[in-house]
Amino acid sequence: MSHTPHELAEEFPQDVEKIHELKVSNPHFARLMDAYHEVNRAVHRAETGVEPVDQAAETAMRKERMRLKDEIAGMLAKA
């Protein structure tokens, strides 16, 4: 398991410009990004033991991160 944060610019390196454009022009996309960053940081803190959580909570956070990432990917594909 990697303890590296999954930043959107690293997840979608080919779409960095689109990410910025959507962030400033689409409030829903901006909220998705904020939610992704929040849960991504929480997962990273859990993985590194900074803020330990039980396995079920960590799994739920990872699933939420994946759901947000999928929605972001869908919006990037349409942009």
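I take buried to mean under 20% relative accessible area, exposed over 50%, and partly exposed in between. I start from that cut-off because Glu-7, at a relative accessible area of 17%, is then buried. The model I am reading is predicted.

**Entry: overall picture**

I looked up the secondary structure and found four helices and zero strands. Along the sequence the pattern reads α-α-α-α. I noted the span of the C-alpha trace along its principal axes, which is about 35 × 20 × 15 Å. The protein has 79 residues, and buried ones make up 32% of them.

I then checked contacts between residues at least 6 apart in sequence. Of these, 71% join residues at least 24 apart.

For charges, I found 11 positive and 15 negative, and their mean positions lie 3 Å apart.

**Entry: helix α3**

I looked at helix α3, which runs over residues 27–48 and has 22 residues. From its first C-alpha to its last it reaches 32 Å, close to the 32 Å expected at 1.5 Å a residue.

Which residues of α3 are buried? I listed Phe-29, Ala-30, Leu-32, Met-33, Tyr-36, Val-39, Asn-40, Ala-42, Val-43, Ala-46 and Glu-47. I next asked what covers the buried residues of α3. The cover includes α1 (8–11), α2 (16–25) and α4.

**Entry: Glu-7 and Arg-41**

I counted the salt bridges of the structure and got eight. One of them joins Glu-7 and Arg-41, whose closest N and O atoms are 2.6 Å apart. This pair links distant parts of the chain, since Glu-7 sits in the segment before α1 and Arg-41 in helix α3, 34 residues apart. Glu-7 is buried, while Arg-41 counts as partly exposed at 38% relative accessibility.

**Entry: Arg-62 and Glu-47**

I looked up a second pair, Arg-62 and Glu-47, which form a salt bridge with their closest N and O atoms 3.0 Å apart. Arg-62 lies in helix α4 and Glu-47 in helix α3, so the pair ties together parts that are 15 residues apart in sequence.

Is Glu-47 buried or exposed? At 12% relative accessibility Glu-47 counts as buried, because the cut-off is under 20%. Arg-62 has a relative accessible area of 25% and is partly exposed. I also noted that Glu-47, Glu-58 and Arg-62 are linked in a network of salt bridges.

**Entry: Arg-67 and Glu-71**

I checked a pair that sits within helix α4. The side chains of Arg-67 and Glu-71 meet in a salt bridge at 3.3 Å, N to O. The two residues are four apart in helix α4, so about one helical turn separates them. Arg-67 is partly exposed at 41% relative accessibility, and Glu-71 is partly exposed with a relative accessible area of 30%.

**Entry: Arg-65**

I turned to Arg-65, which lies in helix α4, residues 55–78. Arg-65 is buried and yet has no salt bridge. Which side chain of opposite charge is nearest to Arg-65? It is Glu-47, and the distance is 4.5 Å. A salt bridge needs a side-chain nitrogen of Lys or Arg within 4 Å of a carboxyl oxygen of Asp or Glu.

Leaving aside neighbours within four places in sequence, I found Arg-65 in contact with His-6, Tyr-36, Val-39, Asn-40, Val-43 and Glu-47. Among the buried residues of α3 I had already listed Tyr-36, Val-39, Asn-40, Val-43 and Glu-47.

**Entry: Lys-69**

I also looked up Lys-69, in helix α4. Not counting residues up to four places away in sequence, Lys-69 touches Glu-11, Phe-12 and Tyr-36. I compared positions with Leu-32, 37 residues apart from Lys-69 along the chain, and the two C-alpha atoms are separated by 8.6 Å.

**Entry: Glu-51**

Glu-51 counts as partly exposed, because its relative accessibility is 42%. Leaving aside neighbours within four places in sequence, Glu-51 is in contact with Arg-45 and Ala-46. Ala-46 is one of the buried residues of α3.

Technical notes: Residues numbered from 1 in each chain as written. Predicted model: local features only at pLDDT ≥ 70, side-chain atom pairs only at ≥ 80, totals over all residues. Heavy atoms only, no water. Buried < 20%, exposed > 50% of the residue type's maximum accessible area, 1.4 Å probe, protein only. Contact = heavy atoms within 4.5 Å. Lys, Arg positive; Asp, Glu negative; His and termini not counted. Charge placed at Lys NZ, Arg CZ, Asp CG, Glu CD. Expected span 1.5 Å × (residues − 1).
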